[in-house]
Amino acid sequence: MSAFDLCLASASPRRMALLQQLGLQCLQYPVDLDESVLPHESAEQYVLRLAREKAQAGLTQSGTHLPVLGSDTCVVFDQQILGKPVDEEDALRMLMMLSGQTHQVMTGVAVCDQEQIHSVLSITEVTFRQVTPSECRQYWKTGEPADKAGGYAIQGLAAVFVQSVAGSYSNVVGLPLYETAELLKNYNIQILDA
Ligand SMILES: Cc1cn([C@H]2C[C@H](O)[C@@H](COP(=O)(O)OP(=O)(O)OP(=O)(O)O)O2)c(=O)[nH]c1=O
């Protein structure tokens, strides 16, 4: 018997913390993949493909017998997929694009073991108030935007930009917990006994 319930194929401390919130003990096994968007790929297809690739790479590379979870989050506005900003100007460009608008945050989640793979997509609508370039530059200096899709963290200082959220909050932080708990039932992982 393993001391762990699940293997998390991710470097993200936020995904780890969200799974711990459900009481799950996770073995963290980051995988490094090419995260380029394929030609003609929709945002929905992109996050689901990367989630499956992360889960499958985690399973193969770690050699674990635990179910493996992979996940990918992106921000979508005006048909554009926003990943992590490459520098300050890129972050400013993203945040000004989102200013005063509603965008979508999409997360694909996949869980696999030797026998099966299941995946799910979660979409949340987030509305920003108007933000100024000066606020965005100050925000960049906090270091918070650098490793976040769309260049912001709802769970951090960017909370002051977020006017409203429709849908799953945990999805925006990187892992939709309701959908994840449902997926894990396929692997006999129950959070609570019914
Ligand atoms: C929009 C938004 C994104 N994010 C994060 C969630 C994801 O961790 C990150 C998007 O990058 P991802 O590539 O989805 O994940 P990651 O690089 O952090 O981890 P890994 O690939 O190893 O699994 O942005 C927030 O934390 N808060 C937010 O409000």
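Which residues have the most contacts inside the largest nonpolar core? In this predicted model, local features need pLDDT of at least 70 and side-chain atom pairs count only at pLDDT 80 or more, while totals for chains, interfaces and linings use all residues. Residues are numbered from 1 along each chain as its sequence is written. The largest nonpolar core has 46 residues, and those with the most contacts inside it are Val-47, Ala-55, Val-68, Leu-69 and Cys-74. The largest share of this core, eight residues, is contributed by helix H2, which covers residues 43-62. A nonpolar core is here a set of buried Ala, Val, Leu, Ile, Met, Phe, Trp, Tyr and Cys residues joined through C-beta atoms within 7 Å. A residue is termed buried if 20 or more other C-beta atoms lie within 10 Å of its own, exposed if 12 or fewer, and partly exposed in between, with C-beta atoms placed from the backbone. In soluble globular proteins, nonpolar side chains tend to be buried together.

The surroundings of Ala-55 can be listed by contact, a term applied to two residues whose C-beta atoms, placed from the backbone, lie within 7 Å. When residues up to four places away in sequence are not counted, Ala-55 touches Ala-9, Val-68, Leu-69, Gly-70, Ala-110, Val-111, Cys-112 and Ile-117.

The protein contains six helices and seven strands, and from the N terminus on these elements run β-α-β-α-β-β-α-β-β-α-β-α-α. Helices (H or I, at least four residues) and strands (E, at least two) are DSSP runs, numbered from the N terminus. Buried residues make up 36% of the 194 residues, and along the principal axes the C-alpha trace spans about 55 × 40 × 25 Å. With 194 residues, a compact globule would have a radius of gyration near 16 Å, and the 17 Å of the protein agrees with this; the radius is taken over C-alpha atoms, and the globule rule is 2.2 Å times the number of residues to the power 0.38. Among contacts between residues at least 6 apart in sequence, 67% join residues at least 24 apart.

Strand pairing was assigned where DSSP finds at least two bridges between two strands. Strand E5 (residues 102-112) is mostly covered, eight of its 11 residues being buried. Nine bridges join E3 to E5 in an antiparallel arrangement, and in this pairing Cys-74 stands opposite Met-106 in E5. E5 is also joined by 11 bridges to strand E6 (residues 117-128), again antiparallel, and these two strands form a hairpin with four residues between them. Four bridges then join E6 to strand E7 (residues 162-166), which run antiparallel, with Glu-125 opposite Ala-166 in E7.

Thr-124 is located in strand E6 and counts as buried, with 21 C-beta neighbours inside 10 Å. Leaving aside neighbours within four places in sequence, Thr-124 is in contact with Gln-104, Val-105, Val-165, Ala-166, Gly-167, Ser-168, Asn-171 and Val-172. Although Thr-124 and Val-111 are 13 residues apart in sequence, their C-alpha atoms are 21 Å apart in space.

The ligand is surrounded by 21 residues, of which the closest are Ser-10, Ala-11, Ser-12, Ile-154 and Gly-174; a residue is near a molecule if its C-beta atom, placed from the backbone, lies within 6 Å of it. Strand E3 (68-77) and helix H5 (169-173) each supply at least two residues of this shell, and E3 gives the most, with four residues. By class, the shell has 10 nonpolar, seven polar and four charged residues, where Ala, Val, Leu, Ile, Met, Phe, Trp, Tyr, Cys and Pro count as nonpolar, Asp, Glu, Lys and Arg as charged, and the others, Gly among them, as polar.

Two loop residues have a backbone angle of note. Most residues other than glycine have a negative phi. The phi of His-40, however, is positive, near 65°; this residue is placed in the loop between strand E2 (26-28) and H2, and it is exposed, with 6 other C-beta atoms within 10 Å. Gln-79 likewise has a positive phi of about 65° although it is not a glycine. Gln-79 lies in the loop between E3 and strand E4 (80-82) and, with 7 C-beta neighbours inside 10 Å, counts as exposed.
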